[in-house]
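The following exercises are meant to be worked through with the sequence and the coordinates at hand. Please try each task before reading its solution.

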Amino acid sequence: MISSIVSKVKQKQIAQLVANRKRIDGRGLTDYREIKVEAGIIERAEGSARVLLGKTQVLVGVKIDIGEPFSDIPDQGVLTVNAELVPLASPTFEPGPPDENSIELARVVDRGIRESKAIGLEDLCITPGKKVFVVFIDVYVLNHDGNLIDASALAALAALLNTKIYNYELKDDEIIRKPGYKPLPIRNYPIAITFGKINNQLIVDPWLEEEQVMDARLTMTIDKEGNICSIQKGGSGYFTTQQILEAAKIAKERATELRKLVVET
Amino acid sequence: MSKPEKLLDKKGLRLDGRKLDELRPIKMEVGVLSNADGSAYLEQGKNKVLAAVYGPKEVHPKHLALADRAILRCRYHMAPFSVEERKSPAPSRREIELSKVIREALEPAVFLEYYPRTAIDVFIEILQADGGTRCAGITTAALALADAGVPMRDLVVACAAGKIEGKLVLDLMDLEDKYGEADVPLAMMPGINAVTLLQMDGSLTLEEFQNAVKMAMEGCKQIYEEQKKALRARYIAIKEAINE
């Protein structure tokens, strides 16, 4: 944790810049840092991707397993998202069970994928009520330089897009693996866009120093139709109604651009 | 509970007979627990919520204390018997997330800088749940904070709007949340047009979202009036007790 004295000096500097519609790293208020996506880099995983968002680095691995469906939806596969704030990623990350930040990160990524119905879970049923495919999305933060939500959501989507499921045959309720794979059914492409509020101004893609001084955070996840499918406000400040509606408009535009980085259209 | 055939009847009324933009019946009482510095109880439809505030008080463990302000800690917790199938009393990932967003919804209201090196603990217990418990929890917690005498910029009040069968509705109950198309919980300080919690899941167009936000805010303003009434009732009761 950066001491509050440092952050007060920095807060002033960053806030003054934002008032002049500038940022410390030279970006415009609604610009992203440079984004790189590397897909399929972990061979052992059924799907994987690494996203570099400026200096932020997130690796996502997808594992497919066989498990039981939820009792209220017996004919659908199961989606599980977990996030690890790995201690090597930041001096502020401690080893141990997931804290509220990593739980929130995982749940925001989860909601974007779930609510946009990105995965065709109904195609992942093997025997209704008994056996289904379970999709484990593990978000692994490797370097924390701000805006983990957008980097993780993008990496998760990129990883899902190269996720494969092995072919199988059912014999007396036993699953027998057959050669070859088919792709995981993907129906939608949710993109998370995160805003910070500094000096009563909205900025997109806050990096670490901006995160340390911003009053509040707002993430909107936009699906391929341009609809909003999930929102999360964070931080101990607030937003005005006008800011929320402005954020929704910007999010829709930025999501279209970011989607092109992982989906060929 | 199984899926109802329809969430809206022919007249466009909801399962419990409400109109689209109608709140559930709401009841609040302030100062219900003798040990807490502040407390409140709320019923909103079948939701039953109890909140208590302890502090400002000494921080344990000590390293958590901040030199320039108080820390606000918040626990949102559901009783094992509050839902259809018994819920394990251990905090779930959902409860940990909600504790965080509720804390962040209350923080902007509290003058934490008045009480450096102290902690203010907010405990929210959901005794019975029927959808919209995070909102009910925030509404109740704000009353408990006020009852504890913690100075605030405004009361925080929360309400959800959402979409069922293509129509925007106010204050979703559990079945509507589960089988509807979208849920937008929102908390605000009505006096200063500050939105302190905003979440959403489901699917809404920009225009629908805009209208859902407007609708949730209208709901908040109605509940806000009830909050003020409940606080006033508490002060009158105290005044009478002193005069006796």
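**Exercise 1.** For this predicted model, work out how many helices and strands chain B holds, and in what order its elements run.

*Solution.* Begin with the count: the secondary structure of chain B amounts to four helices and nine strands. Next, read the elements from the N terminus, which gives the order β-β-β-β-α-β-α-β-β-α-β-β-α. Then turn to the radius of gyration of chain B, which is 18 Å and close to the 18 Å given by the globule rule for 244 residues, so chain B is as compact as a globular protein of that length.

**Exercise 2.** Describe the extent of chain B along its principal axes, its share of buried residues and the sequence range of its contacts.

*Solution.* Along the principal axes, the C-alpha trace of chain B spans about 55 × 45 × 35 Å. Of its 244 residues, 49% count as buried. Finally, when contacts in chain B between residues at least 6 apart in sequence are considered, 70% of them join residues at least 24 apart.

**Exercise 3.** Determine at what angle helices α2 and α3 of chain A pack, and which residues make the contact.

*Solution.* Helix α2 (residues 100-115) and helix α3 (residues 148-161) of chain A pack at about 45 degrees, with their axes 10 Å apart. The crossing of the two helices is right-handed. On the α2(A) side the contact is made by A:Leu105, A:Val108, A:Val109, A:Gly112 and A:Ile113, and on the α3(A) side by A:Leu148, A:Ile149, A:Ser152, A:Ala153 and A:Ala156. Sorted by class, this contact has eight nonpolar residues, two polar residues and no charged residues.

How values were computed: Residues numbered from 1 in each chain as written. Chains lettered and ligands numbered in written order. Predicted model: local features only at pLDDT ≥ 70, side-chain atom pairs only at ≥ 80, totals over all residues. Axes fitted to C-alpha atoms, helices over the stretch in contact; angles between N-to-C directions. Left-handed = near helix turned anticlockwise from the far one by under 90°. Contact = placed C-beta atoms within 7 Å. Nonpolar A, V, L, I, M, F, W, Y, C, P; charged D, E, K, R; others polar. Rg over C-alpha atoms; globule rule 2.2 N^0.38 Å. Buried ≥ 20, exposed ≤ 12 C-beta atoms within 10 Å, placed from the backbone.
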